[in-house]
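Welcome! Take a look at the sequence and the model, then try each task before reading on.

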Amino acid sequence: MTTIYENIAYDGKARAGVVKTAHGDIETPIFMPVGTRASVKCMWQHELDEIGAQIILGNTYHLYLRPGHELIEKVGGGLHGFMNWQKPILTDSGGYQVFSLSSMNKLSEEGVRFQSHIDGSYHMISPEKSMEIQRALGSDIVMNFDECPALPATKDRLRESMELTLRWAKRCRDFELKDHQNLFGIIQGGLHLDLRTECMERLTEMDFEGYAIGGLSVGEKNEEMVEFCADFVHTMPKDKPRYLMGVGKPLDILTGIKNGLDMFDCVLPTRNARNGQFLTHHGPLNIKKERFKEDPGAPDPDCSCKVCSTYSRSYIRHLYNTGEYLAGQLISYHNLHFFLDMTKQARAHIIAGTFDEYYKNFYNNYTSNQWV
């Protein structure tokens with residue numbers, strides 16, 4: 001099997017590398033903006049390019065329901081052409097949304113029968129169906145279909161889920177994707193190191209192109225997730241990309257990088273933006289606060305993005321409080337720039353051998369709570 005990951009440097013457990021795909025190389029560690037419905041909310045594609053996005057996500061569940069994977073393949077030849085984004089794309093399997101968004105779903109060995117959150121219609125997604133959808137979407141990185149149980153859960157329940165995920169992973173592996181597509185296996189097992197290790201070893205036997213940690217940030221305490229990653233990540237295959245799914249607070253990402261993870265995604269930068277929150281070098285800033293009404297300062301004085309160099313807190317607060325759509329656009333642009341610059345700086349410091357210093361400085365500044 002062709003290896004798509006090349007390691008460049010280590011600094012402790014933290015590592016810098018390159019993930020090679022047909023639509024371009026991805027320099028890791030990297031944050032991946034989430035484009036759920038073939039669009040990163042409030043962002044033009046050229047703006048994503050402008051802020052240094054190297055790869056974005058598409059959502060299999062949502063794109064299957066609307067507009068349909070067949071239409072995307074017919075009109076655009078896949079997601080790249082449909083949304084005019086020529087850099088790498090990762091698509092998730094749809095499993096998490098099937099369980100979290102459908103009020104009625106029925107799990108079986110075959111897959112999951114669920115009711116659409118849009119119109120109540122019934123559908124079945126199996127491992128093969130998930131692969132069929134992702135094949136049509138033409139993403140560079142495809143995720144295997146898995147079950148993602150909410151935490152806390154009993155160890156027996158987690159083992160049952162892990163075994164089903166492994167059986168489904170085999171079926172995904174046996175499905176023929178397009179030549180340029182790379183399939184990642186998802187490691188399940190809750191916070192139990194023995195289950196996670198067993199799952200990882202059995203997935204490794206199937207020889208996926210990369211490995212992801214699923215089933216975190218779904219109900220466990222943050223400190224439990226951090227402790228688990230510190231104990232587990234360094235045991236993952238060193239010659240394959242390591243992806244922590246759906247975890248996206250700035251300090252969680254940097255701590256993940258410190259423990260050897262490569263890839264991260266989360267809706268937090270754009271979701272929080274629509275609620276008026278800037279994520280800054282000195283902690284979260286809620287622009288709707290009265291204290292910013294007459295504040296001429298930049299949203300984040302330490303940020304180099306065009307929003308912070310052009311507009312004041314007072315102006316953006318006015319936009320937000322009057323319901324102007326531009327507020328969400330501006331804050332989303334800044335927040336995504338902030339995340340991408342953070343991982344870019346982390347990579348540079350890993351290569352320079354100064355990551356610990358960068359991590360400590362970032363942590364101290366971010367937790368200073370300057371805007372509270």
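## Exercises with solutions

**Exercise 1.** Find Thr 270 and decide whether Thr 270 is buried or exposed.

*Solution.* A word before we start: this is a predicted model.
- Step 1: Thr 270 lies in helix α11, which covers residues 268-274.
- Step 2: The relative accessibility of Thr 270 is 7%. Buried means under 20%, so Thr 270 counts as buried.
- Step 3: Now look at the surroundings. Not counting residues up to four places away in sequence, Thr 270 touches Val 40, Lys 41, Ser 332 and Leu 336.
- Step 4: The side chain of Thr 270 also reaches the backbone oxygen of Val 267, at 3.2 Å.

**Exercise 2.** Work out how helices α12 and α13 are oriented to each other, and which residues make the contact.

*Solution.* Two packed helices are described by the angle between their axes and the distance between the axes.
- Step 1: Helix α12 spans residues 313-321 and helix α13 spans residues 325-352. They pack at an angle of about 130°, with their axes 7 Å apart.
- Step 2: Angles over 145 degrees count as roughly antiparallel and 65 to 115 as roughly perpendicular, while those under 35 are roughly parallel and the rest oblique. The helices α12 and α13 are therefore oblique to each other.
- Step 3: The crossing of α12 and α13 is left-handed.
- Step 4: On the α12 side, the contact is made by Tyr 315, Ile 316, Leu 319 and Tyr 320. On the α13 side, Leu 326, Ala 327, Leu 330 and Ile 331 take part.
- Step 5: Sorted by class, the residues of this contact are 8 nonpolar, no polar and no charged.

**Exercise 3.** Explore the loop between β4 and α1 by way of Thr 36, Ala 38 and Cys 42.

*Solution.* 
- Step 1: The loop runs between β4 (30-32) and α1 (45-50), and Thr 36 is found there. Thr 36 is buried, with a relative accessible area of 18%.
- Step 2: Leaving aside neighbours within four places in sequence, Thr 36 is in contact with Leu 57, Gly 58, Asn 59, His 62 and Leu 63.
- Step 3: Next, the backbone. Most residues other than glycine have a negative phi. Ala 38, however, has a positive phi near 70°, and Cys 42 has a positive phi of about 70°.
- Step 4: Ala 38 is buried at 11% relative accessible area, whereas Cys 42, at 30% relative accessibility, counts as partly exposed.

**Exercise 4.** Where are Pro 29 and Pro 67, and what kind of peptide bond leads from Thr 28 to Pro 29 and from Arg 66 to Pro 67?

*Solution.* 
- Step 1: Most peptide bonds are trans.
- Step 2: Pro 29 sits in the loop between β3 (24-28) and β4. The bond from Thr 28 to Pro 29 is cis, with omega near 5°.
- Step 3: Pro 67 belongs to the loop between α2 (60-65) and α3 (69-76). The bond from Arg 66 to Pro 67 is cis, with omega near 5°.

Terms used
Residues are numbered from 1 along each chain as its sequence is written. This is a predicted model: local features need pLDDT of at least 70, side-chain atom pairs count only at pLDDT 80 or more; totals for chains, interfaces and linings use all residues. Side-chain values use heavy atoms; hydrogens and water are left out. Axes are lines fitted to C-alpha atoms, for helices over the stretch in contact, and angles run from 0 to 180 degrees between N-to-C directions. Helices (H or I, at least four residues) and strands (E, at least two) are DSSP runs, numbered from the N terminus. A crossing is left-handed if the near helix is turned anticlockwise from the far one by less than a right angle, and right-handed if clockwise. Contact means heavy atoms within 4.5 Å. Ala, Val, Leu, Ile, Met, Phe, Trp, Tyr, Cys and Pro count as nonpolar, Asp, Glu, Lys and Arg as charged, and the others, Gly among them, as polar. Buried means under 20% relative accessible area, exposed over 50%, partly exposed in between (1.4 Å probe, protein chains only). A polar contact is a pair of N or O atoms within 3.5 Å; within protein, one must be able to donate a hydrogen and the other to accept it, and residues adjacent in sequence count only if both atoms are side-chain atoms.
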